[in-house]
Amino acid sequence: VDTHHDSPWANVIMSAEGSRKPQVVVVGGQFAGRRAAKLLRRGGRFGVTLVDAKSFWEYTPGALRCLVEPRATRRLLQPHPPGTVNATAVGFEKTKTQEGDAVKGVKLNDGSNLRADYVVLATGSSYVSPIKAASDKPCSVEDRKKIIMAAHKKLASAPSVLIVGGGTVGVELAAEIVGVWGKSKNVTIITPHSRLLERMPPRAGMLAQRWLTKKGVRVILNDRIEDWGGSKTGGDPALKPSGGTWKLQTRGGEELHASLVYPCIGGAPAAGPADKSTLGSRGEVNVDDSFRVEGLRNVFAVGDCAGTAEEKTAFTADLNATAVAHNIRAAHNGKRVKEYPKVCGAQSVPSIAVVSLYKWSAVMQFNKLVFGGPVPALVKWFIETMQVHAAKETPVLTELWDVVEQTNVFLGGFMFK
């Protein structure tokens with residue numbers, strides 16, 4: 001391993017060097033990365049190093065709850081496990097083999113290099129702050145809490161809010177705001193689509209719109225913002241420096257006024273140290289059906305950064321991680337890697353999604369079944385609780401969550417198709 005002697009990660013790297021175990025470097029410590037690292041550590045066959053610029057794991061589906069109730073961060077932010085390298089991966093050291101190009105080291109931003117027999121890219125995706133912390137910039141638990149608290153104070157002081165985008169994030173943000181402040185804030189949500197939650201079955205959008213409208217949210221369909229009026233389309237949403245409201249124009253000719261504007265129009269894949277030659281048109285990492293990065297025989301990409309057509313959720317991120325852990329073991333044993341999702345024991349990945357409508361209501365999809373009310377809210381609470389315990393690696397509960405996810409895969413293969 002090549003490294004500077006003054007590297008803060010020298011001990012980690014030297015311990016890897018002193019071991020004859022094959023070394024796996026996992027870049028990114030959210031759902032897919034943390035799970036892949038955990039699965040590959042089992043049995044002690046591999047030396048696994050988790051690399052993340054942030055010093056914590058965050059239950060990102062709960063970030064919107066934190067904006068309205070900052071105390072939730074105590075539960076939804078968990079420190080990375082001991083031994084995690086808090087650094088940014090900036091590139092690869094490559095070598096040529098008979099089987100093709102391979103990576104033999106991951107370069108870090110301090111100039112050091114982590115030896116790697118296998119690499120898992122789980123660098124996730126970017127989204128406007130404060131909804132998501134940047135995956136490639138240093139951030140501590142306390143830093144993240146300060147960002148969320150500042151965003152909460154800004155939101156609390158805003159008499160009116162405009163949410164641009166009617167997908168999962170936009171709908172959940174609107175629901176959280178009216179769930180806490182009721183009709184004391186004027187909340188508007190606008191989408192260019194003919195319904196909310198356009199990536200879910202139509203009934204999901206209908207249930208969400210009915211709930212939001214009943215709570216006083218104005219829902220504008222089939223229109224989009226043409227002129228943002230100086231409000232920010234990226235970064236932290238801002239109150240107008242002089243006070244008053246932002247004035248935005250829609251394509252349909254309507255003028256909208258809001259103290260605070262949240263652009264919730266989707267994220268972008270974060271490719272981390274991957275070469276531009278391996279990226280697709282949106283910045284996603286091109287992979288084959290086993291998640292192997294095109295052109296690199298020992299690098300795999302999973303989760304939001306991977307160029308797959310499936311819906312990007314915590315559930316699919318976990319399945320991706322399970323698949324890659326299996327395939328790395330197979331590759332190391334000289335066996336053929338298996339295509340996804342067959343490697344997880346399924347012919348197809350079930351469509352499972354739960355969209356919160358504040359605390360006591362939600363909309364749930366299980367394949368073609370869609371229903372709303374308190375039962376989906378209970379399911380959402382259960383998922384959150386189990387994911388947090390899985391991140392903490394709480395004994396028994398972690399194994400129970402593995403069983404629950406495998407059961408979902410099994411049932412999703414034939415129920416409500």
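How many bridges join strand E6 to strand E7? Three bridges join E6 (residues 100–108) to E7, and the two strands run antiparallel. This is a predicted model, in which local features need pLDDT of at least 70, side-chain atom pairs count only at pLDDT 80 or more, and totals for chains, interfaces and linings use all residues. Residues are numbered from 1 along each chain as its sequence is written, and side-chain values use heavy atoms, with hydrogens and water left out. Helices (H or I, at least four residues) and strands (E, at least two) are DSSP runs, numbered from the N terminus.

**The sheet of E5, E6 and E7**

- The three strands form an open sheet in the order E5-E6-E7, with antiparallel pairing; two strands pair if DSSP finds at least two bridges between them.
- Strand E5 (89–97) and strand E7 (113–115) stand at the edges with a single partner strand each, so one side of each has no neighbour in the sheet.
- From one strand to the next, the twist averages 40 degrees.
- Eight bridges join E5 to E6, and these two strands form a hairpin with two residues between them.
- Threonine 97 has glycine 100 in E6 as its bridge partner.
- On the other side of the pairing pattern, glycine 105 stands opposite arginine 115 in E7, and lysine 107 stands opposite asparagine 113 in E7.
- The hairpin of E6 and E7 has four residues between the strands, and glycine 111 in this hairpin takes a positive phi near 95 degrees.
- In a regular strand, side chains alternate between the two faces of the sheet.

**The second largest pocket**

- The second largest pocket has a volume of about 240 Å³.
- On a 1 Å grid over the protein atoms alone, a pocket is an open set of points where a 1.4 Å probe fits, with protein on both sides within 12 Å along at least five of seven lines, and lining residues have an atom within 4 Å of a point.
- Grid points are joined across faces, edges and corners, and a volume is the space filled by probe spheres set on the points.
- Its lining has 17 residues, of which Arg65, Ser356, Tyr358, Lys380 and Glu384 lie nearest the centre of the pocket.
- Helix H3 (63–68), helix H6 (168–181) and helix H9 (374–392) each supply at least two lining residues, and H9 gives the most, with four.
- By class, the lining has seven nonpolar, three polar and seven charged residues; Ala, Val, Leu, Ile, Met, Phe, Trp, Tyr, Cys and Pro count as nonpolar, Asp, Glu, Lys and Arg as charged, and the others, Gly among them, as polar.

**Backbone details in loops**

- A cis peptide bond, with omega about 10 degrees, joins serine 129 and proline 130.
- Proline 130 is in the loop between strand E9 (125–126) and helix H5 (141–157).
- The peptide bond from tyrosine 340 to proline 341 is also cis, with omega near 10 degrees.
- Proline 341 lies in the loop between helix H8 (314–332) and strand E19 (352–356).
- Asparagine 222 is not a glycine, yet has a positive phi of about 55 degrees.
- The loop that holds asparagine 222 runs between strand E12 (218–220) and strand E13 (225–227).

Terms used:
Axes fitted to C-alpha atoms, helices over the stretch in contact; angles between N-to-C directions.
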